[in-house]
Amino acid sequence: MRKNSVKNTRINGEVQRVLAQIIRGEIKDPRIAPMTSVVAVEVAPDLKTCKAWVSVLGDEKAQADTLAGLQSAEGYIRGQLARTINLRNTPQIHFIMDQSIAYGVNMSKRIEEVVASDRKAAEFDKGSKNEED
């Protein structure tokens, strides 16, 4: 099976959906933040391993705690995944913290700050030109 095949893409989507359900509804670990989402999943073509990128709304401590909680519950999650999805092999899951949402929010905030400072500079220039006239 090729990495970008239709079958692999379908398996990635299904594993992502089921992982999100398991994390949201079945894990009772208090370390896992309630606002945890599975951003992307990449299952290896041989179905032995899986990388799951998760995003957590919260500070760095909440992110670290959530990642530790998910790694400790990996066996349970893998068992639930095996019961839900009928695959030849149930992949071993490696959780990776995804920073893209936080990065996007930070960049949006910086862009807004630059636009606001440009507006102030334009208003200042307009006001100084009126005083010269």
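Asp65 is partly exposed, at a relative accessible area of 26%; buried means under 20%, exposed over 50% and partly exposed in between, with a 1.4 Å probe and protein chains only. Because they sit four residues apart in helix α2 (residues 60-72), about one helical turn separates them; helices are DSSP runs of H or I with at least four residues, strands runs of E with at least two, numbered from the N terminus.

Keep in mind that this is a predicted model, where local features need pLDDT of at least 70, side-chain atom pairs count only at pLDDT 80 or more, and totals for chains, interfaces and linings use all residues. Residues are numbered from 1 along each chain as its sequence is written, and side-chain values use heavy atoms, leaving out hydrogens and water.

The whole structure holds three salt bridges. In helix α1 (residues 6-25), Glu14 and Arg17 lie three residues apart, and their closest N and O atoms are 2.4 Å apart. Arg31 and Asp29 also pair, at 2.9 Å; here Asp29 is buried, at 19%, whereas Arg31 is partly exposed, at 37%.

Now turn to the strands. Strand β3 (residues 92-97) has Ile93, Phe95 and Met97 on its covered face, with Gln92, His94 and Ile96 on the uncovered one. In a regular strand, side chains alternate between the two faces of the sheet.

Technical notes. A salt bridge is a side-chain nitrogen of Lys or Arg within 4 Å of a carboxyl oxygen of Asp or Glu.
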